[in-house]
Amino acid sequence: MKSSNALWKEHFSGKLPEALASEIDIFETEVALKKQGKRDDRLFAETRLRRGVYGQRYDNGQRHDGKKVQEMAYPNRELLKGPNTLWDAPGMQRIKIPGGGLDARQLEILADLAEEYSDGIAHVTTRQDVQLHYVHLEDTPTLMRRLAAVDITTQEACGNSVRNVTACSYAGVCQGEVFDVTPYSRALAKFLMGHPDVQNFGRKFKPAFSGCPQDACALTNMHDLGLIAVKRTENGQEKRGFEMYVGGGLGAVAYQAKLFDSFVPPEELMPLTQAIARVFARLGEKKNRNRARIKFLIQDLGIEKFKELVLEERKTLPHDPRWTEYLAGAEAPQEEPLKPAGELQTLGSEAYQRWLKTNIRPQKQAGYATVTVALPIGDITSYQLRILADIVRRFTKETIRTTVEQNFVIRWVSQSDLPELYQALDAVGLGAAGAGTIVDIVSCPGTDTCKLGISSSRGLAAELRKRLAEKSFQMDEAVQNLRIKISGCFNSCGQHHVADLGFYGVSRKMAGYAVPHFQVVLGGEWAHNGGSYGMPIVAIPSKNIPEVVTRLSDRYVAGRKNAESFQEFVKRTGKVELKKLLEDLTQPPANQTDHSFFKDWGDPREYSMGDHGVGECAGEVISSIEFDLAAAERKLFEAQVALDDGEAEQAGKAAYEAMLRAAKALVKADYLDVGDHPEQIVAEFRTRFYDTKTFFDPYAGGKFAHYLFEAHRKAGSPHTLDSARLLIDEAQLFIEASHSCSNRTGTLVGG
Amino acid sequence: MELQHINVKFLVARPEGVDLEALIPIFHGWIQEQAWGELLLDVADYRHVYSGPGVILIGHEGNYSVDNTDGRLGVRYNRKAAIGGSNLDRLRQAALAALRLCKGLEADPSLEGKLRFNGREIEIIFNDRLLAPNTPAAREAVRAELAPFLQQMLAGSDYSLSFNEEPRSLLQARVKASQTFSVEALSNHLASVSSTVV
């Protein structure tokens with residue numbers, strides 16, 4: 001843990017955006033309370049996950065070292081940060097980057113944080129986030145403050161919440177787009193962040209925006225909520241809107257999203273999403289997390305019934321001015337160039353020519369291009385991030401985005417600047433050609449850091465990349481343009497379903513050994529926003545996968561008819577034939593003399609499934625009432641601190657607010673739109689919980705409710721230290737009674 | 001000025017001959033043995049990254065690596081956990097940890113003697129921008145803090161000291177000794193001074 005954490009807090013005091021500062025203070029208090037043993041493991045796990053603070057492999061304190069499972073001797077093995085998750089074990093911090101948009105200062109801060117809190121590497125994910133690994137839990141509030149100082153939040157980056165709202169990284173500059181989806185994706189991200197209607201899901205919810213139906217850049221078909229830009233003419237006027245899709249998702253069984261509405265006007269984007277969220281929160285599965293994504297709800301109800309319920313819910317929503325306010329200026333240009341448009345310079349070295357061919361895409365604005373910075377398996381060093389910040393300042397108005405292929409795209413580059421920009425990138429190892437080709441392999445973290453990883457997806461990706469990079473430019477062009485995507489397990493974070501050549505980690509027994517394998521999945525469609533999913537063929541030992549790639553690409557080149565795509569080739573050839581082609585690779589080589597074949601790429605340990613843990617992707621199913629009651633306790637904690645400092649007024653006020661929060665927590669579970677007005681909260685509480693005796697303790701009756709009524713009656717009266725102390729005690733009892741009420745009534749208030 | 005989270009890196013001779021892949025089984029072996037008297041957790045492989053952190057042996061209190069940051073290959077210790085004592089104690093702790101790694105790698109038969117300290121070049125990096133910002137004033141303060149430490153480690157030999165003055169970079173001192181030293185000699189110089197590190 002860093003010794004400067006307290007100093008950073010002081011450094012940022014009063015300097016951060018209020019909402020972000022408050023959110024981080026709350027989290028820091030939760031960390032302190034957990035350390036004091038005042039928080040339940042499950043509740044705290046979900047609390048940190050909703051701030052992007054994830055677990056990491058071996059955080060249960062056990063690791064298979066190749067010979068045996070070692071108990072890792074952390075200083076305090078009793079202190080946990082979640083079920084079976086040790087406090088001191090390093091974790092992963094996910095950082096939300098809405099639409100992948102960053103500026104130079106943000107790149108620099110990510111560089112600093114990677115260096116100071118992680119291992120010097122920032123990792124770009126397949127959902128445009130950035131992840132840092134090996135981070136200590138107690139450093140995370142500081143890390144969040146430093147991010148907040150440049151307007152980045154980690155709020156709801158994990159857990160059962162609305163995850164990063166992704167968007168096409170070419171939005172606004174793409175030649176094929178219908179319109180720029182950037183402002184709409186930002187508006188929706190802002191609207192949903194922390195919204196009360198998205199706090200009570202059984203699982204995560206991932207939205208994505210695409211500017212067109214034909215490309216892949218946003219992969220809307222595999223999202224819980226997919227929005228594709230469309231236009232239509234009404235009364236002679238062209239209107240913007242969205243095709244809205246729901247219920248897509250990968251995972252073990254991949255679902256294609258279903259069309260919800262062919263034209264959702266912008267002003268309906270937020271309310272309709274809000275209504276979907278309410279229906280999902282109300283009817284979605286909570287207990288069985290394997291069926292808790294919205295795709296299962298839609299499957300069970302049918303899209304028509306689901307739509308009917310959503311539209312009914314939509315009618316009940318109280319009007320929210322943000323639905324349109326957040327869209328102000330959406331039709332205006334969102335970005336502008338730094339330099340005048342220029343002409344493409346094609347002369348240069350062979351490496352430059354290759355780079356031009358694969359990494360440059362002309363924009364719809366004449367004379368400008370986008371430049372893809374291809375990162376090896378999504379990794380970039382702190383030094384490279386700083387140079388990238390310099391480059392985007394020098395050539396653009398800091399217009400850069402992360403992509404779902406784990407790269408960066410620099411936008412608005414004057415085409416005449418491309419030679420200089422290439423040189424600047426190449427000087428720091430960022431000028432590699434091959435973006436979007438067979439060498440630009442996507443991989444999830446796999447067994448390197450993920451608790452669920454079965455096989456080493458990054459190890460395989462690095463090995464394939466090394467082998468293919470040597471010969472990719474001699475390959476047939478049809479093969480060069482194939483995409484490889486690798487997941488360490490069936491959960492599909494590497495998006496293998498939408499790759500030409502997809503692989504996901506599995507394990508098999510061979511000759512008495514557990515052996516890492518990859519299931520080969522062929523013919524997924526990357527285009528059309530992940531238009532169709534690949535076909536599983538056969539599981540092959542990890543060490544034979546490079547040969548799988550060679551055989552399949554050779555067969556494709558030799559057997560392809562006319563300009564047949566790989567998808568068409570796979571479909572025509574068929575599963576049986578393809579399996580036959582790979583069948584002998586399911587076995588170890590006949591002349592195998594050592595055990596290296598039975599180990600994974602980049603890992604000399606004897607392979608074991610002993611490290612496979614319980615993942616946190618699903619988050620902990622914590623109802624919103626548990627969070628709200630935790631917030632009431634936090635307020636009470638503040639009251640106690642104020643009392644200790646001799647601040648009677650502040651202590652009394654906080655104790656009263658703590659009671660109100662607890663009362664609101666109960667009411668809200670029954671009546672979502674209760675609002676924040678004390679009068680209304682108390683009135684609703686009285687009607688719903690006191691008059692009905694729902695709140696009554698079996699022994700004490702309505703006694704604790706009277707504490708609230710009395711505190712409310714006296715609100716605004718001055719406090720002495722004694723009266724504040726009394727009120728704190730009453731508030732404590734009231735909160736306990738609220739917990740009891742919640743536990744007794746279960747589904748009534750637990751949602 | 002309190003110096004924490006100190007990194008010490010000993011640059012290697014003939015870096016082009018060093019095979020980073022060979023480090024992976026060595027580091028895993030050290031985890032198996034847990035013979036270092038501190039908790040070693042895992043191995044992170046960043047060979048695919050240009051001028052990156054190389055291969056890291058992740059520890060609970062500190063990381064050990066063969067690091068290629070700035071294109072300068074070296075054996076590096078990165079102290080993560082805060083530590084008591086004086087600045088001098090903390091510098092000694094980090095240097096001794098890095099030297100221990102050097103010694104282990106120089107002696108490992110699988111590396112065939114190809115990974116060796118070049119005898120003269122050392123980097124000292126302060127991995128905390130608030131405690132040690134890369135400003136002219138902090139650099140001067142660090143220069144003064146380093147003097148007794150370098151005096152001890154280099155046994156009074158002359159050395160040159162320069163700083164990476166890019167303000168966004170971590171505060172980083174580059175030391176070049178006027179004569180060559182073995183890892184053994186440097187370790188002995190530091191070990192001969194009593195420690196008060198908590």
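Two residues are taken to be in contact if their C-beta atoms, placed from the backbone, lie within 7 Å. In the predicted model described here, this criterion can be applied to chain A, where, among contacts between residues at least 6 apart in sequence, 71% join residues at least 24 apart. Chain A comprises 751 residues, of which 55% count as buried, and its secondary structure consists of 25 helices and 24 strands. The C-alpha atoms of the chain occupy a box of roughly 85 × 70 × 55 Å, taken along the principal axes. A compact globule of 751 residues would have a radius of gyration near 27 Å, and the value for chain A is 27 Å, which agrees with that expectation.

Helix α7, residues 266-283 of chain A, has 18 residues and reaches 26 Å from its first C-alpha to its last, close to the 26 Å expected at 1.5 Å a residue. Because 13 of the 18 residues of α7(A) are buried, this helix is largely enclosed by the rest of the structure.

An open sheet of five strands is also found in chain A, with the order β20-β21-β22-β23-β24 and mixed pairing. The edges of the sheet are formed by β20 (442-443) and β24 (535-541) of chain A, each of which has a single partner strand, so that one side of each is left without a neighbour in the sheet. Helix α14, residues 457-471 of chain A, packs on this sheet and touches β20, β21 (484-487), β22 and β23 of chain A, its direction making about 155° with that of β21(A). Within the sheet, strand β22 (residues 501-510) and strand β23 (residues 513-522) of chain A are paired in the antiparallel sense over ten bridges, and A:G502 has A:V521 in β23(A) as its bridge partner. Helix α17, residues 545-559 of chain A, lies across β22, β23 and β24 of chain A and runs at about 135° to β22(A).

A pair of packed helices is formed by α20 (residues 624-644) and α21 (residues 648-670) of chain A, which meet at an angle of about 175° with their axes 8 Å apart. The angle makes α20(A) roughly antiparallel to α21(A). Residues making the contact include A:I625, A:L629, A:L636 and A:L643 of α20(A), and A:Q650, A:A654, A:R661 and A:A665 of α21(A).

Chain B contains four helices and eight strands, and its elements run β-α-β-β-β-β-α-β-α-β-β-α from the N terminus on. The radius of gyration of chain B is 16 Å, close to the 16 Å that the globule rule gives for 198 residues, so the chain is as compact as a globular protein of that length. Its C-alpha atoms fill a box of roughly 45 × 35 × 35 Å along the principal axes, and buried residues make up 41% of the 198 residues. Among contacts in chain B between residues at least 6 apart in sequence, 61% join residues at least 24 apart.

Strand β8 (residues 171-177) of chain B is joined by six bridges to strand β6 (residues 117-126) of chain B, the two running antiparallel, and B:I124 stands opposite B:A173 in β8(B). Strand β7 (residues 159-163) of chain B is also antiparallel to β8(B), to which five bridges join it; here B:S160 stands opposite B:K176 in β8(B).

Between B:L39 and B:G104, which are 65 residues apart in sequence, the distance in space is 17 Å from C-alpha to C-alpha.

Key:
Residues are numbered from 1 along each chain as its sequence is written. Chains are lettered from A and ligands numbered from 1 in the order in which they are written. This is a predicted model: local features need pLDDT of at least 70, side-chain atom pairs count only at pLDDT 80 or more; totals for chains, interfaces and linings use all residues. The expected span of a helix is 1.5 Å times one less than its number of residues. A residue is buried if 20 or more other C-beta atoms lie within 10 Å of its own, exposed if 12 or fewer, and partly exposed in between; C-beta atoms are placed from the backbone. The radius of gyration is taken over C-alpha atoms; the globule rule is 2.2 Å times the number of residues to the power 0.38. Two strands pair if DSSP finds at least two bridges between them. Axes are lines fitted to C-alpha atoms, for helices over the stretch in contact, and angles run from 0 to 180 degrees between N-to-C directions. Angles under 35 degrees count as roughly parallel, over 145 as roughly antiparallel, 65 to 115 as roughly perpendicular and the rest as oblique.
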